[in-house]
Amino acid sequence: MTHNGEGAAPAGRPEVTELRLAAEPDRPAVSGGQPELPQDRSQAILEAAKEIGALLKRAGHRFALAGSVAVYAHGGSRYLQHDADFCVLPEDAEAVAATLREAGLPIRTPPEDWLLKTTCRGQNVDIIFALAHQPVTQDMLERAHVLPVDSVLMPVLAPTDLIHSLISAFSEHYCDFGAVLPVARAVREKVDWDAVRAACGDQPMPAAFLFLLERLNVIDPQEGQP
């Protein structure tokens, strides 16, 4: 994940995709004369999220699911193509890393100082302790909703916090409205938009996105505005 989060491309950390020539399409591997079915990437990410969530629950860690899997848990799209993201308190990061190591999962420390990375079931998982340049807080984790992620109940970042983290990460260097728009549509009725505006609505890029949501009738105009 990025500082931005969700099912969306993690805000603040744009993904670099590989370009392929149309004349050279991927060819499925052949086993026994039959082409293999493509991997269900979304289900693989869900399985990784479930396993990590179960590990953190059993160890008694404070956490909340974030990113695109959190959007799915709140009723959004099941189309997951990046990674699974978990928020933890900064002071708990080392204890969480120890729990994952004990379970046999690798821990990587990237150059960014606001997350750790691991791999579960072949999928990337980010352990995040800051969202949109703000540390994860106890209040944020207490606002999380306990929801089923497929068959596993776990705390999931509240929709208002989820949207705030995604919108706050917009800047002149990263401003992918198209990635966050479907997320806003999916959870719009669960978000305190006044709280989002108060938190980041005076910043140019978040303000532009909020204006776009108003023009598309995703959210109501701010009170006092035409």
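Guide: Start at Asn217, in the segment after α8 (204-215). Helices here are DSSP runs of H or I with at least four residues, strands are runs of E with at least two, and both are numbered from the N terminus. The model is predicted: local features need pLDDT of at least 70, side-chain atom pairs count only at pLDDT 80 or more, and totals for chains, interfaces and linings use all residues. Residues are numbered from 1 along each chain as its sequence is written, and side-chain values use heavy atoms, with hydrogens and water left out.

Now the backbone. Asn217 is not a glycine, yet its phi is positive, near 60°. Most residues other than glycine have a negative phi. Asn217 is exposed, at 65% relative accessibility. The scale is relative accessible area: buried is under 20%, exposed is over 50%, and partly exposed lies in between, with a 1.4 Å probe and protein chains only.

Asp150 also has a positive phi, about 55°, and is not a glycine. Look for Asp150 in the loop between β10 (145-149) and β11 (152-156). At 30% relative accessibility, Asp150 is partly exposed.

Next, helix packing. Two packed helices are described by the angle between their axes and the distance between the axes. Take α5 (residues 159-168) and α6 (residues 177-187): their axes come within 11 Å and cross at roughly 165°. The axes are lines fitted to C-alpha atoms over the stretch in contact, with angles from 0 to 180 degrees between N-to-C directions. So α5 and α6 are roughly antiparallel. That label needs an angle over 145 degrees; under 35 is roughly parallel, 65 to 115 roughly perpendicular, and the rest oblique.

Which residues of α5 and α6 make the contact? From α5 come Pro159, Ile163 and Leu166; from α6, Val180, Val183, Ala184 and Val187. Contact means heavy atoms within 4.5 Å. By class, this contact has 7 nonpolar, no polar and no charged residues. Nonpolar covers Ala, Val, Leu, Ile, Met, Phe, Trp, Tyr, Cys and Pro; charged covers Asp, Glu, Lys and Arg; the others, Gly among them, are polar.

Last, the cysteines. Cys120 is buried, with a relative accessible area of 1%. Cys200 is buried at 0%. A disulfide is a pair of cysteine sulfur atoms within 2.5 Å. By this rule, the count is 0 disulfides.
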